[in-house]
Amino acid sequence: MKKNIITSLTAFILAVFFFCFNLPIFAVTVGTLVPENHTVHITYNDGGDVLSVFDKIIKSGSFITLKRFTKHEYIIRNNPGYEIEKLIYNGTDVTNNISGGRFLAPEIICDSNLIVEFKKTEIVKPDHYYSIFLTINSDGKPLPNADVEFSNLKEKVKTDKNGKLRINDVPVGKNNITIWVEGKSVAYAEFFIISEHVTDESYEIFTDGSFTFKIDNEKRFIILELELKDNGIIIPINYSPEENIPPSPATGDDLNILLYGVVIIVLLFLLNFILRFKKEESKIYGK
């Protein structure tokens with residue numbers, strides 16, 4: 001009897017203790033498995049595309065996989081005649097967060113989705129077009145065999161062994177440039193050509209990676225040198241508007257080829273002269 005009273009009293013004291021301190025009588029620990037990776041479902045309509053720096057174009061309707069807590073940057077490119085109407089990330093309108101054609105998503109902590117809506121705009125025929133003589137550098141050295149894509153051109157143009165190329169029919173106004181190496185984008189930038197009667201022909205680089213050129217409306221040619229940065233940004237380091245087509249200096253190999261051609265022509269001329277001389281000599285002595 002005494003033992004039962006002590007047991008009941010002990011149970012009552014423990015119950016009061018757990019109740020007063022809001023403690024569970026039976027504690028069970030449940031562990032939650034946190035995934036290392038998450039997926040992002042990306043969709044967009046006609047009028048542009050979405051890509052990642054150092055990667056390929058992301059097809060609409062596809063998924064990409066990112067490590068948890070990654071801050072991923074997306075490049076939103078609109079085609080000529082279209083503009084970005086809306087960007088939705090996880091149900092929130094983040095259109096105003098696009099800067100220079102780039103959107104930096106917050107740390108990913110769950111499977112997400114990104115939706116881009118492009119809309120048609122009125123196409124205004126530009127007043128001026130320009131030819132750009134372009135040199136692309138990476139780490140201070142020319143970038144050869146890179147594919148360069150301008151928004152107004154349907155095909156990519158490849159740089160030569162000296163990182164040079166020529167782009168024609170680049171319109172005044174907004175443009176964008178994407179640089180590809182071995183099928184993956186390594187740099188992207190939006191740029192604006194402002195054509196007016198100016199004496200201060202200069203360029204300005206903005207914090208979002210875009211840049212603006214000012215050029216006198218009497219000029220039609222631009223010499224431009226761009227430098228790739230590690231973060232996929234490309235910036236101008238040399239800019240010179242020209243009225244006439246700039247001379248294309250011959251490279252060392254081109255000069256050697258030219259010299260070899262001259263030597264061969266001279267040798268052929270001498271050989272022909274010797275053969276004709278021998279022929280005439282044989283006629284004289286043959287008589």
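How many bridges join strand 15 and strand 16? The two strands pair in the antiparallel sense over 9 bridges, and the points below place this pairing within the chain.

1. Basis of the note. This is a predicted model, in which local features need pLDDT of at least 70 and side-chain atom pairs count only at pLDDT 80 or more, whereas totals for chains, interfaces and linings use all residues. Residues are numbered from 1 along each chain as its sequence is written, and side-chain values use heavy atoms, with hydrogens and water left out.

2. Overall composition. The protein chain has 2 helices and 20 strands; helices (H or I, at least four residues) and strands (E, at least two) are DSSP runs, numbered from the N terminus. Of the 287 residues in the protein chain, 33% are buried. Buried means under 20% relative accessible area, exposed over 50%, and partly exposed in between, with a 1.4 Å probe and protein chains only. The protein chain exposes about 18900 Å², of which carbon and sulfur atoms supply 58%; accessible areas come from the Shrake-Rupley method with a 1.4 Å probe, and for residues only the protein chains shown count as cover.

3. Contacts along the chain. Among contacts in the protein chain with a separation of 6 or more, residues 24 or more positions apart account for 58%. Contact means heavy atoms within 4.5 Å.

4. The hairpin of strands 15 and 16. Strand 15 (residues 173–181) and strand 16 (residues 184–196) form a hairpin with 2 residues between them. In the turn, Glu182 has a positive phi of about 55°. Lys174 has Phe192 in strand 16 as its bridge partner. Two strands are said to pair if DSSP finds at least two bridges between them.

5. Strand 12 beside strand 15. Strand 15 also pairs with strand 12 in the antiparallel sense, over 4 bridges. Here Asp147 stands opposite Trp180 in strand 15. The side chain of Asp147 also meets that of Lys158 in a salt bridge (3.0 Å, N to O). This pair links distant parts of the chain, with Lys158 in strand 13 (residues 157–158) and Asp147 in strand 12 (residues 147–150), 11 residues apart. Lys158 counts as partly exposed, because its relative accessibility is 46%.

6. The open sheet 3-2-5-8. An open sheet is formed by 4 strands in the order 3-2-5-8, with antiparallel pairing. Its edge strands are strand 3 (57–58) and strand 8 (102–104), each of which pairs on one side only. Within the sheet, strand 2 (residues 48–52) and strand 5 (residues 73–78) pair over 5 bridges. Gly48 has Asn78 in strand 5 as its bridge partner.

7. Salt bridges that share partners join Asp49, Arg77 and Glu149 into one network.

8. A further link from strand 5. The side chains of Glu73 and Arg102 meet in a salt bridge (3.0 Å, N to O). Glu73 lies in strand 5 and Arg102 in strand 8, so the pair ties together parts that are 29 residues apart in sequence. Glu73 is partly exposed at 27% relative accessibility, whereas Arg102 is buried at 5%.

9. Thr212 in strand 18. Thr212 is found in strand 18 (residues 211–216) and counts as buried because its relative accessibility is 12%. Leaving aside neighbours within four places in sequence, the contacts of Thr212 are Phe192, Ile194, Ser202, Tyr203, Glu204 and Phe206.

10. Asp230 in a loop. Asp230 lies in the loop between strand 19 (221–228) and strand 20 (234–242). At 72% relative accessibility, Asp230 is exposed. Asp230 and Asp139 are 91 residues apart in sequence, and their C-alpha atoms are 9.1 Å apart in space.

11. Leu275 is found in helix 2 (residues 252–286) and is exposed, with a relative accessible area of 53%. Ile264, Leu268, Leu271 and Leu275 form a nonpolar patch on the surface, with about 400 Å² of accessible area together. Patches are made of residues with over 30% relative accessible area and no salt bridge; like charges are joined within 9 Å, and nonpolar side chains (Val, Leu, Ile, Met, Phe, Trp, Tyr) within 5 Å.

Methods:
Salt bridge = Lys/Arg side-chain N within 4 Å of Asp/Glu carboxyl O.
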